[in-house]
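Colleague: I have just opened this one and I am new to it. Could you walk me through it?

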Amino acid sequence: MQNDIQEILISEEEIQQRIRELGAQLSTEYAGRTPLVICVLKGAFIFMADLVKVITVPVEMDFMAVSSYGASTKSSGVVKIIKDLDASVEGRDVLIVEDIIDSGLTLSYLIEMLQGRNAASVTVVTLFDKPAGRTVNLEAAYTGFVIPDEFVVGYGLDYAEQYRNLPYVGVLKPEIYSK
Ligand code: XMP
Ligand code: MG
């Protein structure tokens, strides 16, 4: 698996350090409240797990799965709900935990949906942001790392469902895509 990686973009240590900073900021933002933290599966599951451990206010967690990519590396622009939330978001302070924002299509759809369900507030924390890929005007309130417009894997992010378990984020060797 490691042999398929051309370059490590962000190391395990850098990721963990940045998550501690984000956790501290979010603990301040949500002081005195109990946010509903929503993990956007599958990519955000590792980030979610590490992030909630460094948030010091009480949180509730829920999970939803959406799909816009299939096995390809480009957004189709179509967002499909594979698994909806269990909890009601009505009147809740919702924190969406995303792995990566590229075009912004997935997130703009989710934000509208949660606002339509009458969440009290909707805030986004994303670990990675590729602003060069944006097709809709959207920015996360909290961003871990701004990265170049390259397809990345690791730390939850996959290529054809593999590489999610790498503890760092890297770029695949080009020959892996042409297999
Ligand atoms: P959009 O374009 O809707 O994309 O902002 C967000 C979703 O697309 C996936 N995505 C990636 N997945 N490496 C991945 O493994 C990438 O470089 C990448 N860029 C976007 C991801 O699922 C994200 O939630
Ligand atoms: Mg994916």
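This is a predicted model: local features need pLDDT of at least 70, side-chain atom pairs count only at pLDDT 80 or more; totals for chains, interfaces and linings use all residues.

Colleague: Is Leu9 buried, exposed or partly exposed?

Modeller: Leu9 counts as partly exposed, because it has 19 C-beta neighbours inside 10 Å; buried would take 20 or more other C-beta atoms within 10 Å, exposed means 12 or fewer, partly exposed lies in between, and the C-beta atoms are placed from the backbone.

Colleague: And what does Leu9 touch?

Modeller: Leaving out residues up to four places away in sequence, Leu9 touches Ile147, Val152, Val169, Gly170 and Val171, a contact being two C-beta atoms, placed from the backbone, that lie within 7 Å.

Colleague: Which sheet has S1 in it?

Modeller: S1 belongs to an open sheet of three strands in the order S1-S9-S8, with antiparallel pairing, and two strands are said to pair if DSSP finds at least two bridges between them. The edge strands are S1 (5-10) and S8 (152-153), each of which pairs on one side only. S8 is joined by two bridges to S9 (residues 169-172), with Val152 standing opposite Val171 in S9.

Colleague: What is the strand order in the sheet of six strands?

Modeller: That open sheet runs S4-S3-S2-S5-S6-S7, and its pairing is mixed. S4 (80-83) and S7 (142-146) stand at the edges with a single partner strand each, so one side of each is left without a neighbour in the sheet. On average, neighbouring strands here are turned by 25 degrees against each other, direction ignored, where axes are lines fitted to C-alpha atoms, for helices over the stretch in contact, and angles run from 0 to 180 degrees between N-to-C directions.

Colleague: How many bridges are there between S5 and S6?

Modeller: S5 and S6 pair over eight bridges, in the parallel sense, and the bridge partner of Ile96 in S6 is Val124.

Colleague: Changing topic, which strands does H1 lie across?

Modeller: H1 lies across S6 and S7, and runs at about 165 degrees to S7. Its buried residues are Ile15, Leu22 and Leu26. Seen down the axis of H1, these buried residues fall within an arc of 35 degrees, so they line one face of the helix; the arc is that of the directions from the helix axis to the C-beta atoms.

Colleague: What do those buried residues pack against, and which residues are exposed on the other side?

Modeller: The buried residues of H1 pack against S1, H2, S6 and S7, whereas Glu13, Gln16, Gln17, Glu21 and Thr28 are exposed on the other side of H1.

Colleague: What about H3: which of its residues are buried?

Modeller: In H3 the buried residues are Leu105, Thr106, Leu107, Leu110 and Leu114, and what covers them includes S3 (60-67), S5 (93-101) and S6 (121-129). Just after H3, Asn118 takes a positive phi of about 65 degrees.

Colleague: Which residues touch the most other members in the largest nonpolar core?

Modeller: Of its 39 residues, Ile38, Phe47, Val94, Leu95, Ile96, Val97 and Tyr155 touch the most other members; a nonpolar core is a set of buried Ala, Val, Leu, Ile, Met, Phe, Trp, Tyr and Cys residues joined through C-beta atoms within 7 Å. The largest share of this core, six residues, comes from S5. Leaving aside neighbours within four places in sequence, Phe47 is in contact with Val97, Asp99, Leu127, Tyr155 and Gly156.

Colleague: Where does Tyr155 lie?

Modeller: Tyr155 lies in the loop between S8 and S9, and it is buried, with 26 other C-beta atoms within 10 Å. Although Tyr155 is not a glycine, it has a positive phi of about 50 degrees. Tyr163 also has its place in the loop between S8 and S9, with a positive phi near 80 degrees.

Colleague: Last one: which peptide bond is cis?

Modeller: The peptide bond from Leu41 to Lys42 is cis, with omega near -5 degrees, and Lys42 has its place in the loop between S2 and H2.

Conventions:
Residues are numbered from 1 along each chain as its sequence is written. Chains are lettered from A and ligands numbered from 1 in the order in which they are written. Helices (H or I, at least four residues) and strands (E, at least two) are DSSP runs, numbered from the N terminus.
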